[in-house]
Every structure is written in structure tokens, then in C-alpha cells.
Number of protein chains: 2
Amino acid sequence: MNGSTPHPQLIGLDWGAISLRAYLLDEDGSVLDMRARHWGIRHLPDGGFDAALDDVVAGWPDGPVLASGMVGSRGGWREVPYVDLPSGLTAVARALSHVDSASGRRVHLVPGLRNTVAADVMRGEETEIFGALALQPVLAARSALLLPGTHSKWVNVRDGRVVDFATAMTGELYAALRHHTILGIGLGDEDPPVDHEAFLRGAVTARDSGAAGALSRLFSARALVLAGQLDTQAVPDYLSGLLIGEELRSALAAGRIDSATPLQLIGNAPLCRRYAVAATCFELGMALPPQGAAALGLWQIARVAGLTSASLPQSRVNRAMP
Amino acid sequence: MNGSTPHPQLIGLDWGAISLRAYLLDEDGSVLDMRARHWGIRHLPDGGFDAALDDVVAGWPDGPVLASGMVGSRGGWREVPYVDLPSGLTAVARALSHVDSASGRRVHLVPGLRNTVAADVMRGEETEIFGALALQPVLAARSALLLPGTHSKWVNVRDGRVVDFATAMTGELYAALRHHTILGIGLGDEDPPVDHEAFLRGAVTARDSGAAGALSRLFSARALVLAGQLDTQAVPDYLSGLLIGEELRSALAAGRIDSATPLQLIGNAPLCRRYAVAATCFELGMALPPQGAAALGLWQIARVAGLTSASLPQSRVNRAMP
């Protein structure tokens with residue numbers, strides 16, 4: 001908060017599978033307050049969605065509520081049909097659904113996007129994308145975006161609209177391999193300190209796997225330990241480098257990116273840095289993520305949908321509007 | 001057993017990570033009796049290795065005991081150093097180690113093989129390979145072998161010796177993805193009935209992923225369900241086809257196999273059939289596995305190591321000897 005009188009306009013919820021973030025936003029999309037809970041849609045408190053909402057907005061002024069992410073999925077609070085590609089801010093804002101909480105709040109829900117050509121879907125990332133396009137309007141005309149995470153999204157934007165995307169399950173694959181296979185033997189549940197050298201070694205191994213792909217080198221994370229050539233404590237970062245490197249190798253092989261087109265990272269800063277480091281092994285450039293994309297994306301969608309009464313300075317939106 | 005008087009010569013143990021199989025073998029390597037337990041080295045009964053051994057051989061005549069597999073690994077009964085490639089029956093038989101049980105039985109242990117060029121290892125599969133070479137001597141001169149499983153082994157044999165091999169963690173990867181990621185949502189722990197069509201669809205998806213690789217298509221196992229284009233009950237076989245198909249695609253891309261060289265399968269018959277079916281999508285030929293390779297491999301190693309007094313008819317061994 002700053003010293004001037006704030007005018008709360010919107011409560012934005014970034015509500016995913018494993019976490020809930022709530023933003024109180026003012027009339028120009030600035031964040032007045034933020035709260036985080038571990039109440040992803042798979043780990044709700046007693047009382048479910050209603051109780052989680054009431055808690056996370058407690059004490060905040062009344063106002064429209066807009067939620068993005070898995071909260072609108074099958075298994076969420078209410079399923080909102082996907083919007084098909086190509087799709088921009090206007091199409092998404094027109095396709096909001098809503099659910100009314102037991103305490104009488106109307107929660108508007110952002111639809112995800114669907115790629116019918118490649119049978120792929122996203123929920124929540126579309127909101128971060130619209131926020132990033134507003135923060136960095138130069139991206140709207142033509143850009144390649146990468147949102148790393150449990151399910152990484154590789155996104156192509158043209159004229160403010162998402163025209164193509166693909167999912168790589170890198171984060172979830174890492175967790176499954178790290179915690180539920182032989183590769184985790186000798187390691188506790190907590191990760192050891194970061195080992196940059198092991199991470200780069202994994203990324204280079206993936207790069208050098210060529211068309212065979214890094215899955216064929218997965219067992220090296222165990223065999224190198226047995227051979228005394230890799231410390232057990234270095235396995236998590238070697239594996240992380242191998243899988244992130246494979247994501248990059250695969251995207252290059254698919255023609256999804258090329259070394260001439262910089263890629264804009266969006267999302268969690270430490271994870272994005274990890275991708276940027278791996279990218280150096282491939283001589284790829286990646287721009288580090290802008291801060292606040294999710295909150296501003298919610299604000300943008302709410303504004304276009306008419307949920308807020310504010311008008312935004314043109315310089316922040318005109319390039320992002322389809 | 002047949003009607004003539006058997007002459008037990010060897011107790012052979014195929015002792016892996018998740019199971020223990022014991023064979024009572026006669027003077028020409030035939031199996032007189034077989035017992036199976038779920039006592040892999042990670043799931044031993046009270047009393048550990050000693051108790052498991054005493055139980056599984058109870059009532060059998062005294063005689064030399066030879067064990068292959070993870071029982072000789074770090075974390076096994078006693079670690080036996082690997083034998084480096086290239087390596088054949090003689091080199092392995094010369095490198096046996098042993099441990100004496102509390103009940104006074106000496107258990108000889110078969111070493112695994114190590115590929116120092118590619119940092120890879122196997123334990124147990126070398127014994128199946130020597131058994132298969134004895135069963136099908138034509139394979140000894142020059143062949144490509146595939147032992148599918150938790151950790152699939154792709155093996156090249158020249159002049160009776162293993163000259164190269166590589167591991168694909170396909171089975172363990174399948175289990176981790178099936179049971180510990182979003183791909184298993186809506187499924188119980190038990191697998192639904194086999195869906196051949198879904199399996200082939202997965203294999204073709206992997207084939208058509210090209211140099212990008214099937215990891216980039218992994219999320220399709222979820223997105224197709226959300227799009228109503230794949231039944232939830234079909235996910236396990238779609239995933240199985242995708243991962244086995246990726247193993248084949250990768251091996252072709254690496255030049256490990258080519259469509260002109262038939263591949264000999266060794267191991268579990270239903271799993272081998274699955275690979276043979278996937279191979280048809282790649283126009284690859286695969287020969288189904290011979291029965292009894294593990295037991296005969298133990299017998300062959302024991303004979304060359306001088307643990308048994310029997311002599312084998314020359315026709316069964318001369319091509320398999322390095």
C-alpha cells in the first residue's frame with residue numbers, strides 16, 4: 001500500500017491445484033494486499049471452497065471476485081468450458097462463468113484455453129499471459145512464451161492472441177521420478193543444497209542425447225552414482241537439468257523455438273532462472289519473467305468483462321487487446 | 001519332472017528387487033522344481049536374506065547355490081563388483097563372489113555387467129542372456145537382444161560376449177506416472193481390462209512424435225480425456241503404448257536397431273508380446289522370448305565356474321562360449 005487513499009476494485013484469485021493466492025486490486029490494477037494459502041483444489045480446508053474463500057478474503061471490502069486456474073476445472077468449484085484457440089483477452093472475458101458462495105459472494109470464473117489441433121489445455125496460465133502482455137506490450141504482436149511449472153506451457157502469441165501452445169509435464173515428471181523411483185534412493189524427502197554443476201551436467205546430457213532423447217539417458221542418474229561419478233546428493237539437480245534440458249531439446253527439435261527468437265519466461269522466478277541457465281547450454285536466449293503477471297491478468301480480464309468500473313491508462317492495454 | 005530318476009545338481013536363485021525365484025536344476029540344466037516368493041531384496045521377510053533362503057529351499061537336497069540379480073548389489077546380501085564390457089560367460093563365471101548363510105549354506109553370487117563407455121549397469125539380465133544364448137545358439141555370433149521390464153535392457157552380443165548395452169527405465173517410469181501423477185486421476189490402483197486400441201494409439205503417437213520425442217506428448221494422456229477423445233479407463237494402455245513406443249523410437253533414432261535386424265526378446269512373456277505389438281507400428285521384427293532363460297543361465301554359469309560336476313552336451317553350449 002502507498003500513502004494515498006486506495007480504492008479497492010477487485011478481488012482476484014489465482015486458484016490452482018496446490019495453492020491459492022488472493023489479490024486485492026485497486027482501480028489501476030495495483031496490488032493493495034496479497035494472501036497465500038496452501039489450499040489448492042486438491043487440498044481444501046474443512047468447508048471446502050466456501051470456507052477457503054471466506055478465510056482468504058476476510059476483512060477485505062466487498063467487491064467483485066474473479067478466479068482463474070483449476071478452480072474452474074472438472075473437480076474444481078464449477079467447471080467452465082474451455083475457449084478454443086486462437087483466443088485473446090476479449091474472448092476469454094466474454095466466456096466467464098460464475099458460482100455463488102454460501103456466504104453470498106459471486107465468484108466469477110475464468111475459462112481455460114483449449115488447443116483442438118494438438119489436444120491440449122491450460123487453466124490459469126491464460127491469465128498470467130494476459131498480465132504479461134499488459135506489462136510488456138511489445139510481446140503482444142508476436143512472441144514465444146514459456147511458463148515453466150508442474151505442467152510447463154510453451155505458447156505462441158500473434159496480435160495479442162494465443163494461437164498455439166503445448167504442455168510439457170516436466171515438473172510433475174521430476175517429482176514422480178525423484179520421489180517414486182530408484183533415482184531417489186539414498187535421498188530424504190527434502191532436497192539437498194542446489195548443485196549448479198550437476199544441473200548443467202544433466203542439461204548437457206539431454207542436449208547431447210540428440211534425436212534419441214533424454215529419456216534414454218534417465219538411468220544415468222543412477223548408474224553414475226553406482227560408478228562413483230555422481231554424488232547421491234547431486235542426483236536431484238542432475239535430474240532437474242536432464243528433464244529441463246530435454247524440454248528445451250524437444251522444443252528445438254519440434255521447431256517450436258529457434259535460437260534466433262528470444263523466449264519470454266513467465267512465472268515463478270527461481271524456476272524461470274533454472275530454465276534460463278539450461279538455455280545457455282543450447283545457446284538460446286530467454287528473458288526473465290516480469291513480476292505481477294497473474295494479478296494484472298485477473299485485473300485485465302475483469303476490466304474487459306465489465307466487472308470493474310475503472311478505466312486503465314491506454315498505454316498499459318492497447319497493445320494487448322486483440 | 002519326468003519319470004526317470006532326477007539328479008539335482010544346483011539350486012539357482014533369480015533374486016531381484018521385487019521377487020525371488022528358486023530353481024532346483026538337474027545334471028543337464030532341466031528344472032526339477034521351481035518356487036516363487038515376493039521377497040525381492042526390498043521386501044524381505046523377518047530374518048532377512050537368511051530366512052528367505054531357508055524358506056525357499058526348504059526340503060530340497062543340499063547342493064551348490066548360485067544367485068543372480070539385485071541380491072549381489074549395493075543394498076543386497078553382499079555387493080559383487082561389476083564385470084566390465086565386453087564380457088561373456090567365462091568372465092562372469094570367474095568373477096563370482098559368495099556369502100555364507102546363518103544356516104551354513106554357501107551362496108555364490110553372480111556379478112552384474114558394467115558399460116563404462118555409457119555409464120550403465122545390469123544385474124540379473126546377464127544371466128538371462130547367457131541362458132538365451134544357450135537355448136538359441138544362433139544368437140551368440142551377432143545379435144540384438146531386448147529384455148523389457150522395470151529397467152529395460154537393450155543388448156548387443158558379438159561372438160558370445162555382451163559388447164554393449166543401454167537401460168531404458170520404461171517400466172518404472174510407467175508406474176511412477178500411472179500412480180503418482182495427474183495421469184492416474186479417476187483410476188483405482190488396479191488396472192482396467194487391456195485396451196489394445198489405446199495401446200496402439202499410444203505407440204503411434206510416440207512414433208509420430210519424431211525427434212521431439214514422446215515426452216512432449218505425455219500430457220495428451222490427460223488432455224484427450226478432458227476433450228472426450230479418450231476414455232479414462234483407456235489411459236493406462238495409452239500410456240503404456242506411448243512409453244514403449246518412445247523406447248522403440250529412441251532406439252531407432254540412436255541407431256541401436258534398424259528395421260533390417262530382428263531383435264530377440266527375452267523375459268516375461270506378456271510384456272514381451274506388448275513390445276512385439278508396438279514394434280509392428282515401426283515395421284520392426286521382434287522374436288518372442290524363449291522359455292527358461294534365467295534358470296538355464298544360472299546353470300551355465302555354475303557349470304563354467306565348476307560348481308556342478310555335470311558335463312553338458314556340446315550342442316547346447318559351444319556357440320555360447322566366448
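**Reading loops, helices and contacts**

Q: Where does Pro86(B) lie?
A: Pro86(B) sits in a loop of chain B, between β5 (83-84) and α2 (89-94). Keep in mind that this is a predicted model.

Q: What kind of peptide bond runs from Leu85(B) to Pro86(B)?
A: Start with the general idea: most peptide bonds are trans. Now the case here. The bond from Leu85(B) to Pro86(B) is cis, and its omega is near -15°. Chain A has a cis bond too, joining Leu85(A) and Pro86(A), with omega about -10°. Pro86(A) is in the loop between β5 (83-84) and α2 (89-94) of chain A.

Q: What is the phi of Glu283(A), and where does Glu283(A) lie?
A: Phi of Glu283(A) is near 55°, a positive value, and this residue is not glycine. Glu283(A) belongs to the loop between α9 (269-281) and β14 (286-287) of chain A.

Q: Why is Glu283(A) called exposed?
A: Count the neighbours. Glu283(A) has 8 other C-beta atoms within 10 Å, so it is exposed. The cut-off for exposed is 12 or fewer.

Q: How do I read the packing of α5(B) and α8(B)?
A: Two packed helices are described by the angle between their axes and the distance between the axes. Helix α5 of chain B covers residues 170-180, and helix α8 of chain B covers residues 235-253. They pack at about 150°, with axes 10 Å apart. α5(B) is therefore roughly antiparallel to α8(B). The crossing of α5(B) past α8(B) is right-handed.

Q: Which residues make that contact between α5(B) and α8(B)?
A: α5(B) brings Thr170(B), Leu173(B), Tyr174(B), Leu177(B) and Arg178(B). α8(B) brings Pro236(B), Leu239(B), Ser240(B), Leu243(B), Ile244(B) and Glu247(B). Sorted by class, the contact of α5(B) with α8(B) has 7 nonpolar, 2 polar and 2 charged residues.

Q: Which residues of α5(B) are buried, and what do they pack against?
A: The buried residues in α5(B) are Thr170(B), Glu172(B), Leu173(B), Ala176(B), Leu177(B) and Arg178(B). In chain B, they pack against β11 (152-158), β12 (161-168) and α8. They also pack against α5 (170-180) of chain A.

Q: How many residues does each chain give to the contact between chain B and chain A?
A: Chain B gives 31 residues and chain A gives 31 residues. On the side of chain B, β9 (120-122), β12, α5, α7 (220-226) and α8 each give two or more residues. That side of chain B divides into 19 nonpolar, 9 polar and 3 charged residues.

Q: How do α8(B) and α9(B) pack?
A: Read the angle and the distance again. Helix α9 of chain B is residues 269-281. Its angle with α8(B) is about 70°, and the axes are 10 Å apart. So α8(B) and α9(B) are roughly perpendicular to each other. They cross in a right-handed way. From α8(B) come Ser240(B), Gly241(B), Ile244(B), Gly245(B) and Leu248(B). They meet Arg274(B), Tyr275(B), Ala278(B), Ala279(B) and Cys281(B) of α9(B). The contact of α8(B) with α9(B) holds 6 nonpolar, 3 polar and 1 charged residues.

Q: At what angle do α3(A) and α10(A) cross?
A: Helix α3 of chain A (residues 125-135) and helix α10 of chain A (residues 293-304) cross at roughly 90°. Their axes come within 7 Å. α3(A) is therefore roughly perpendicular to α10(A). Among the residues that meet are Phe130(A) and Gly131(A) in α3(A), and Gly297(A) and Ile301(A) in α10(A). By class, the contact of α3(A) with α10(A) has 11 nonpolar, 4 polar and 1 charged residues.

Q: Which residues have the most contacts inside the largest nonpolar core?
A: In soluble globular proteins, nonpolar side chains tend to be buried together. The largest nonpolar core here has 205 residues, and Ile301(A) and Ile301(B) have the most contacts inside it. Leave aside neighbours within four places in sequence. Ile301(B) then contacts Leu66(B), Leu89(B), Val92(B), Ala93(B), Val110(B), Thr127(B) and Phe130(B).

Methods:
Residues numbered from 1 in each chain as written. Chains lettered and ligands numbered in written order. Predicted model: local features only at pLDDT ≥ 70, side-chain atom pairs only at ≥ 80, totals over all residues. Axes fitted to C-alpha atoms, helices over the stretch in contact; angles between N-to-C directions. Helix = DSSP H or I, 4+ residues; strand = E, 2+ residues; numbered from the N terminus. Parallel < 35°, antiparallel > 145°, perpendicular 65-115°, else oblique. Left-handed = near helix turned anticlockwise from the far one by under 90°. Contact = placed C-beta atoms within 7 Å. Nonpolar A, V, L, I, M, F, W, Y, C, P; charged D, E, K, R; others polar. Buried ≥ 20, exposed ≤ 12 C-beta atoms within 10 Å, placed from the backbone. Core = buried A, V, L, I, M, F, W, Y, C linked by C-beta atoms within 7 Å.
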